[in-house]
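The chain is shown first.

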Amino acid sequence: LRAQRTRVRALLFDAKNLFSALQEAELGQRGYLLTGDPAYLAPYEAGIVAVQQHRASIARQSLDADLPHIDLAGLSPLIDAKLAELEETIQAQRRGDAAAALRTVQSGSGKRLMDEIRNRIGAEVADVGRTLDARVALHSGQVRQATIALRAGHAAAITLLVLAFIWLRREHGRVEQQVAERTAQLQETVENLRSSEAFVRAIGDNLPGGALYSLGLDENRKPA
């Protein structure tokens with residue numbers, strides 16, 4: 001989007017400077033008509049060159065599908081008509097027919113063309129600005145939605161981690177309890193075995209030597 005903004009600014013620069021170049025050409029024309037001094041043709045000719053350069057640049061940028069366009073199809077006929085009016089008066093002055101050049105200027109056709117070109121460029125520039133604003137708003141909305149989704153994802157991930165931690169703690173506690181219970185059972189069994197062994201030995205001390213051997217309780221006390 002940043003690169004697109006840069007290209008749009010270049011497009012608007014060309015549009016505005018196109019009109020400025022027309023004004024420069026017109027000023028040179030008026031100076032030449034008023035004075036007959038060819039020195040005034042320099043700004044006229046420079047303005048004509050600049051008009052064509054900016055128009056060509058706008059045409060090139062119109063090939064970019066990602067950029068909003070300025071309608072050259074509607075603007076170029078007006079520009080061509082204004083350039084033709086300027087050239088007509090210049091040629092009349094060069095022929096020495098200042099009256100014909102003056103009549104063309106006084107007809108107001110050149111002023112009407114300049115007013116229409118100004119209005120058309122202004123409308124095109126405003127339309128490009130609105131289009132860019134709409135794209136910026138759309139992009140901002142998409143970024144905002146992506147940010148919300150990302151935050152929601154982070155929140156969900158954190159919730160899952162917390163739940164997993166709680167489950168692990170509970171599971172760990174349950175296992176520890178089972179181990180403790182099993183250990184207690186084993187200890188109880190050992191104690192029971194020890195008690196049984198002591199009991200058997202106590203009985204064995206009061207029986208004949210072969211009795212425990214016969215019962216399989218003491219292999220060391222085999223009868224003689």
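The model is predicted, and residue numbers start from 1 along the chain.

**Helix pairs**

| Pair | Axes come within | Crossing angle | Handedness |
|---|---|---|---|
| α1 (residues 2-35) and α2 | 7 Å | roughly 155° | left-handed |
| α2 (residues 41-61) and α3 (residues 72-94) | 12 Å | roughly 165° | left-handed |

Angles over 145 degrees count as roughly antiparallel. With a crossing of roughly 155°, α1 and α2 are therefore roughly antiparallel to each other. The contact of α1 with α2 is made up of 17 nonpolar, seven polar and four charged residues.

For the other pair, the axes of α2 and α3 cross at roughly 165°, which makes α2 roughly antiparallel to α3. On the α2 side, the contact is formed by Leu41, Tyr44, Glu45, Ile48, Val51, Gln52, Arg55, Ile58 and Ala59. On the α3 side, Leu72, Ser76, Ile79, Asp80, Leu83, Leu86, Glu87, Ile90 and Arg94 take part. Sorted by class, the contact of α2 with α3 comprises eleven nonpolar, two polar and five charged residues.

**Helix α4**

Helix α4 spans residues 98-106 and contains Thr104. Which residues of α4 are buried? They are Ala100, Ala101 and Thr104. These residues cover an arc of only 100° around the axis, so they lie on the same side of α4. The face turned away from that buried side carries Arg103 and Gln106, which are exposed.

Why does Thr104 count as buried? Its relative accessibility is 14%, and buried means under 20% relative accessible area. Which residues is Thr104 in contact with, leaving aside its neighbours within four places in sequence? The contacts of Thr104 are with Glu85, Glu88, Thr89 and Ser109. Three of the residue numbers in that list, those of Glu85, Glu88 and Thr89, fall within the residues 72-94 of α3.

After α4 comes Gly108, with a positive phi near 80°.

**Recap**

α2 is roughly antiparallel to α3, and α1 and α2 are likewise roughly antiparallel to each other. In α4, Ala100, Ala101 and Thr104 are buried, whereas Arg103 and Gln106 are exposed on the face turned away from the buried side.

Methods:
This is a predicted model: local features need pLDDT of at least 70, side-chain atom pairs count only at pLDDT 80 or more; totals for chains, interfaces and linings use all residues. Side-chain values use heavy atoms; hydrogens and water are left out. Axes are lines fitted to C-alpha atoms, for helices over the stretch in contact, and angles run from 0 to 180 degrees between N-to-C directions. Helices (H or I, at least four residues) and strands (E, at least two) are DSSP runs, numbered from the N terminus. Angles under 35 degrees count as roughly parallel, over 145 as roughly antiparallel, 65 to 115 as roughly perpendicular and the rest as oblique. A crossing is left-handed if the near helix is turned anticlockwise from the far one by less than a right angle, and right-handed if clockwise. Contact means heavy atoms within 4.5 Å. Ala, Val, Leu, Ile, Met, Phe, Trp, Tyr, Cys and Pro count as nonpolar, Asp, Glu, Lys and Arg as charged, and the others, Gly among them, as polar. Buried means under 20% relative accessible area, exposed over 50%, partly exposed in between (1.4 Å probe, protein chains only). The arc is that of the directions from the helix axis to the C-beta atoms.
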